[in-house]
Amino acid sequence: MATAFGSQFSALRGRRRERWRDLSPMRKREAKMGLLFITPWIIGVLLFSLFPFVASFLLSFTKYNIVAPPEWVGAEHYVHIFTDDPLFLKSLKNTGVYVGGSVAIRIVLGFALALLLNAKVRFLGLWRTLFYLPSIVPIVALSVIWLYVLNARAGLLNSLLYAIGLPRYRWFADPDIAMIGYLIMSTTWVGVTMVIFLAGLQGIPEEYYDAAKIDGANVFQRLLRVTIPLMTPTIYLNILINIINAFQVFTQVFIMSDGQGGPRDATRTYVLHLFDHAFQYLPPQMGYSSALAWILFMIIFAFTAVIVATSQRWVFYQGGETD
Amino acid sequence: MTTATAAQNFIHRDPVNRLTRIIGRVLLYLLLIVMSLWFLVPLFWMFMSSLMPLDQVGVFPVQWIPRVWQPENYTQALEFWNFGTTFRNTMFIAIVSLIGDIGSCTIVAYGFARFRFPFRDTLFLILLATLMLPFAVRLIPVYAAYDAIGWIDTFYPLIVPAFFGNAFYIFICRQFFLGIPQDLLDAAKIDGASEVRIFTQVMIPLAKPAIVVIAILSFQNSWNDFLGPLIYLKDPDLHTLAIGLYKFTSLPGQGGIYNQQMAASTMMVLPVLIVFFLFQKQFIQGANISGLKG
């Protein structure tokens, strides 16, 4: 999709704007048909994207509890968030830990597993299926399972640690490492990233490796100089998608901490905090929650912009072969 | 990297290299087995503990084989958890959304793929950009709007949006349509077929692979959805499987019946696993399209 963005941008840049009145009657007919076909999406984007996008921005300057009409309060919520909401910083920090940890896990482990499977292994399809399997399990069921995997007293992971002679941990019962529990759980979805990387690896022509071998490159040099550079577009895209998603981590935390983000707010993530104000407080604080949502949007936007802007320095596109 | 090792050793067949090659292969498969265990053991344990007596589930270290096999955990779980109703509700939502998704996304994708009109590329760029909009930003106004028109505690918020196109599915479908040779369409046009006929009788049959991928993603999405049903459906008669399972595992007083909770989880996971094994190829394709193409 990142390359789709790229080619879409360049398509826009290169071309003269078409104007309706310059079109021939036949082209006008074609344009009308095209617009007719995309009408459902145009209505959808107005209703489900543009309207809420604008409305939540406006609501963020109001007090709103759904029952009574919104009441304008200016920047009050923003001032309160930055000066008087300790849980804002706490939840941002927890989310930061999750974003950094889970994205690193998915990219590094996903890439490593894809490399293993790309080593001409037997039963490739079987391994790929096994690794991918946990990521299709419904998240409610996964949460129930992982509550017991990471159970402080009799959990699977503690049993494993005990069996190999390592100390046991209290995971979700210990505020200092509760977030680490969610990072361990996030390995569940590594299979998705692995499948994407594997498809990318399989697309690298064998000749490149042959050429590198003739030049005397060893295994690690080939990995660093051939494989990784050719994979940078895929790595880039996966970092981008995973960061955007990880910032919005909510469901498993909501289920496993029963909506509390405990112990002692140690697993209160940003979206959980926002959800709390909108749907668990009485009366609901929809305006405050909208302000939190917009701050999250700005943070994600800033991260995306920085990654996209720096991508030209390290993302390597083969000439003319993209898209 | 081991690919390279293997190839290298194929070139120089001396005994030392043969040995390192064998060790390398053994290590490789060992690693694959360890990783498979990491991914699968939690699911295996869910299944085994769903058949255990209660006092065996909380034992340390973990027990793997039920002392007594207790399939009645399943029937008891069914009693607490209104499986019949939640299953019906989930299927209804999933099937209607699936129809909506396939219908709207193929139509819109065809519009983007096969017609030239002013601002088409700008509009498609907007479509891609909506994929990056955090759901938290949409959540509140959309909820408030549904509340205002009386749609809370109905299925509408969970099925109606599907009929207005999903950006990601449209993207998948458009990529596919772009790959269909223009000659086919021109031939149909020369034969006097209308645009609508070309779409329904030429494009749709050809796009079957893409439609299967969308169908699977859409179904999986409805089946697994938690946040939507959580905020829109308060009435227990409207609850979905995901909400039912959540309530069953988090209700005070039921927190202790781990074996039945695992039985309930197994019942929710099993249909997804069956669909997964039937359509593995499409699942993997779905993942790939999201990460690579375009």
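Lys120(A) is exposed, with 12 other C-beta atoms within 10 Å (C-beta atoms are placed from the backbone; 12 or fewer within 10 Å counts as exposed, 20 or more as buried, and in between as partly exposed). Though not a glycine, Lys120(A) has a positive phi of about 50°, and it sits in the loop between helix H4 (86-117) and helix H5 (124-132) of chain A. Helices here are DSSP runs of H or I with at least four residues, strands are runs of E with at least two, and both are numbered from the N terminus. Chain B has a positive phi too, about 65° at the non-glycine Phe119(B). That residue is in the loop between helix H5 (83-114) and helix H6 (120-130) of chain B and is partly exposed, with 15 other C-beta atoms within 10 Å.

All this comes from a predicted model, in which local features need pLDDT of at least 70, side-chain atom pairs count only at pLDDT 80 or more, and totals for chains, interfaces and linings use all residues. Residues are numbered from 1 along each chain as its sequence is written, while chains are lettered from A and ligands numbered from 1 in the order in which they are written. The model scores ipTM 0.87 and pTM 0.90. Chain B averages a pLDDT of 87 (the predictor's confidence in each residue, from 0 to 100).

In chain B, the axes of helix H14 (residues 241-250) and helix H15 (residues 258-278) come within 10 Å and cross at roughly 170°. Axes are lines fitted to C-alpha atoms, for helices over the stretch in contact, and angles run from 0 to 180 degrees between N-to-C directions. H14(B) and H15(B) are therefore roughly antiparallel to each other (over 145 degrees). The contact residues divide into five nonpolar, three polar and no charged (Ala, Val, Leu, Ile, Met, Phe, Trp, Tyr, Cys and Pro are nonpolar; Asp, Glu, Lys and Arg charged; the others, Gly among them, polar).

As for the interface, 87 residues of chain B are in contact with 98 residues of chain A (C-beta atoms within 7 Å). Helix H2 (residues 15-49) of chain B gives the most to its side, with 12 residues.

Terms used. Angles under 35 degrees count as roughly parallel, over 145 as roughly antiparallel, 65 to 115 as roughly perpendicular and the rest as oblique. Two residues are in contact if their C-beta atoms, placed from the backbone, lie within 7 Å.
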